[in-house]
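Visitor: Hi! Could you walk me through this structure before I start working with it?
Guide: Happy to, here it is.
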Amino acid sequence: MNNLHAPTVPSGPTSVRVTNGGTAHLTFAELQRKKDIMEAELKALSSVLDSHGVDMHTSLLTPDGFPRADIDVAQIRTTRARIIYLRNDYKDLMGVIEKHLHEHFASLGDEEVPAVPDQGMSELRDSVPEVLDEPFAKVNSVVDNSPADAAGLKAGDLIRAFGYVNKSNHDNLTKVGECVQGNEGQNILVKISRGTGTTRPQELRLTLIPKRNWGGRGMLGCHILPF
């Protein structure tokens, strides 16, 4: 079935896998641009799935085991494969960026490299240039011992980015739910701003892993509201 309104995707992986050797020469700004490009492509691929009314887990077969005739099964499978490939690249790239940040901190000489806690939280120092996205959501509550709690989220945190979701594309937080559903058991980078009672808020990166059967409702264990 042809869908003239659905974006097209490559027939297979075309990007070069991100490795420390392949990106060692890149500046922090270049790494950030590469990250933005990946996030933009993941957003576009998500829109392909949206155009068919499916996600990463929707069955493409009829109850009898035949390919569904109401959707473009081939395109959806290609899109899903590309998303999985990009997610792996994105994870590798974030590791390179993390290493770059640590090397930057070490080069300052007069301060130690901040240790990254087990829950994957690291503070973004003012000395590292970064354009911060505007907050688009606020954490209203966090359940104890939930995935959100394990990641380090706290009530009152302002969310600047949730994986590939930001202020420009969150669609009244609909995309946050899609990001969660499509990344069960995988790392999602969440950028937050946390008030500390001082003049400047604390900017943090958290690693959130959506899970089912953690002992509570939903896959995160937190309630967020549009900001």
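Guide: We can go through confidence first and then some individual residues.

Visitor: Good. What is the mean pLDDT of the protein chain?
Guide: This is a predicted model, and the mean pLDDT of the protein chain is 79. 77% of the residues reach 70 or more.

Visitor: How should I read the coordinates where pLDDT is low?
Guide: Where pLDDT is low, predicted coordinates should not be read in detail.

Visitor: Noted. Now glutamate 184, where is that found?
Guide: Glutamate 184 sits in the loop between helix H5 (174-181) and strand E4 (188-194).

Visitor: And which residues is it in contact with, leaving aside neighbours within four places in sequence?
Guide: Glutamate 184 is in contact with Pro210, Arg212 and Met219. The side chains of glutamate 184 and arginine 212 are joined by a polar contact of 3.0 Å. As for proline 210, it is 26 residues from glutamate 184 in sequence, while their C-alpha atoms are 5.0 Å apart in space.

Visitor: Switching topic: is threonine 79 buried or exposed?
Guide: Threonine 79 is buried, with a relative accessible area of 0%. It lies in helix H3 (residues 73-108).

Visitor: What lies 2.7 Å from a polar atom of its side chain?
Guide: The backbone oxygen of glutamine 75 lies at that distance from the threonine 79 side chain.

Visitor: How many disulfides does the structure hold?
Guide: The structure holds 0 disulfides. On the cysteines, cysteine 179 is buried at 2% relative accessible area, whereas cysteine 222 is partly exposed at 24%.

Visitor: Last one, backbone angles. What is phi for asparagine 172 and for leucine 173?
Guide: Asparagine 172 has a positive phi near 55°, and leucine 173 has a positive phi of about 75°. Most residues other than glycine have a negative phi.

Visitor: Where are those two, and are they buried or exposed?
Guide: Asparagine 172 is in the loop between strand E3 (158-162) and H5, and leucine 173 lies in the loop between E3 and H5 too. Asparagine 172 is exposed at 58% relative accessible area, but leucine 173 is buried at 14%.

How values were computed: Residues are numbered from 1 along each chain as its sequence is written. This is a predicted model: local features need pLDDT of at least 70, side-chain atom pairs count only at pLDDT 80 or more; totals for chains, interfaces and linings use all residues. Side-chain values use heavy atoms; hydrogens and water are left out. Helices (H or I, at least four residues) and strands (E, at least two) are DSSP runs, numbered from the N terminus. Contact means heavy atoms within 4.5 Å. A polar contact is a pair of N or O atoms within 3.5 Å; within protein, one must be able to donate a hydrogen and the other to accept it, and residues adjacent in sequence count only if both atoms are side-chain atoms. Buried means under 20% relative accessible area, exposed over 50%, partly exposed in between (1.4 Å probe, protein chains only). A disulfide is a pair of cysteine sulfur atoms within 2.5 Å. pLDDT is the predictor's confidence in each residue, from 0 to 100.
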